[in-house]
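I opened the model to look up the nonpolar packing and the salt bridges. My entries follow.

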Amino acid sequence: IHRPQRDQVNNIVEYYIEANPNPARARYQLNTTSGNKTPRQPYTGQPSYVDPAFFLSGETPRSGELPREAYARILTAHPQFARATVNYLWKEMFGLGIVEPADSFDLLRQGDIPLAPGAALQPTHPELLTKLAAEFTATGYNFRSLIKTIVSSNTYQLASEYGPGAWNETWTPYYARHYPRRMLAESVVDSIARATNVAPPRMTVQGLTIDRAMQLPDPTEPRTTITTFINAFGRGDRDTTPRTREGSIVQALSMLNDAYVTSRTKNSGNSTVQQVLTSSKDPSVIAEELYIATLSRKPTADERAAAISHLSKGELVRQTEDLQYVLLNRLDFLYY
């Protein structure tokens, strides 16, 4: 469903549900000036109200049915609900929706009705979208089941490196390889804390103590020193600034210079660096442990050789701190 249309419908539904809990009076009044909308007036000679009806099908609440229950029933019964939901999830997991833009479905180009002359289908994979939507509906809109289906697919498990030939950008809509995506802003904060074993500062939001950035309930919180770091990674605010995964020079500078990163690679406070140095002084072991803790993989032969060479020069503690700092600033730490 196109987002402006969806927002309009939701506003109408919320209005008549809250103002008119009685189904007999559940009408959207036009002759009002309240709320955050422009003044609303009916056309000359028309009633001053609109009875609730689903804008895609015209279906209305059943006799005696509460408007909220009617809206939920009608909305989820329409095929577009499952298709749009599946597409949102697909885009979240792949970075590219089966229908793009994900908020701009053209219901006349979905393949279930004759196309206008010269028009092309909007989904890049219409059969895939239809089957995923059908499965989603058949499982009672079970997100866990849908996610399992997607991650079990060959498409999701492709490598980001395409071979043996050169990559052609015209193949992008066909999911011929994995498209790396940057972590969400909150995930960046929590992943740095996890990799370095130094917890993020505790945050209090409306009396609730938060231990992880992913637990933050509202993008305007917290108003602490960590806010700038989170916002640099495109957290957005739901109102005027949309959330984004796009990269920027500010993000690179934050990873290089922000105290949230630099203070966590030190040999102190039971950090990963301290744990690794306590368990071994062997450069090969240190390199492998830091790669596993930071990038969730072992180093390649070349990476191991470079890490050992680095650790073997100068003070071991300082070199170990520098190695994890470098690993945190690799692209494959932020992208997956």
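I started with the contacts of Val 188. Leaving out residues up to four places away in sequence, Val 188 touches Met 183, Phe 229, Phe 233, Met 255 and Leu 334. I took contact as heavy atoms within 4.5 Å.

This is a predicted model, so local features need pLDDT of at least 70 and side-chain atom pairs count only at pLDDT 80 or more, while totals for chains, interfaces and linings use all residues. Residues are numbered from 1 along each chain as its sequence is written, and side-chain values use heavy atoms, without hydrogens and water.

Next, the largest nonpolar core. It has 35 residues, and Val 188, Ile 192, Phe 229, Phe 233, Met 255 and Phe 333 touch the most other members. Helix 6 (residues 185-196) gives the most to this core, with six residues. Another core, of 18 residues, lies apart from it; among them are Ala 82, Phe 94, Leu 129 and Ile 150. A nonpolar core here is a set of buried Ala, Val, Leu, Ile, Met, Phe, Trp, Tyr and Cys residues joined through side-chain atoms within 4.5 Å. Buried means under 20% relative accessible area, exposed over 50%, and partly exposed in between (1.4 Å probe, protein chains only). Helices are DSSP runs of H or I with at least four residues, strands are E runs of at least two, and both are numbered from the N terminus.

Then I turned to charge pairs. I found 15 salt bridges in the whole structure. The criterion is a side-chain nitrogen of Lys or Arg within 4 Å of a carboxyl oxygen of Asp or Glu.

Which residue forms a salt bridge with Arg 235? It is Glu 186, with the closest N and O atoms 3.0 Å apart. Arg 235 sits in the loop between helix 7 (225-232) and helix 8, Glu 186 in helix 6, 49 residues apart. Arg 235 is buried at 3% relative accessible area. Glu 186 is also buried, at 6%.

Glu 186 also meets Arg 243 in a salt bridge (3.0 Å, N to O). Arg 243 lies in the loop between helix 7 and helix 8, so this pair ties together parts 57 residues apart in sequence. Arg 243 is partly exposed, at 41%.

Last, I checked Arg 330. Arg 330 forms a salt bridge with Asp 332, the closest N and O atoms being 2.9 Å apart. Arg 330 is partly exposed at 28%, and Asp 332 is partly exposed at 31%.
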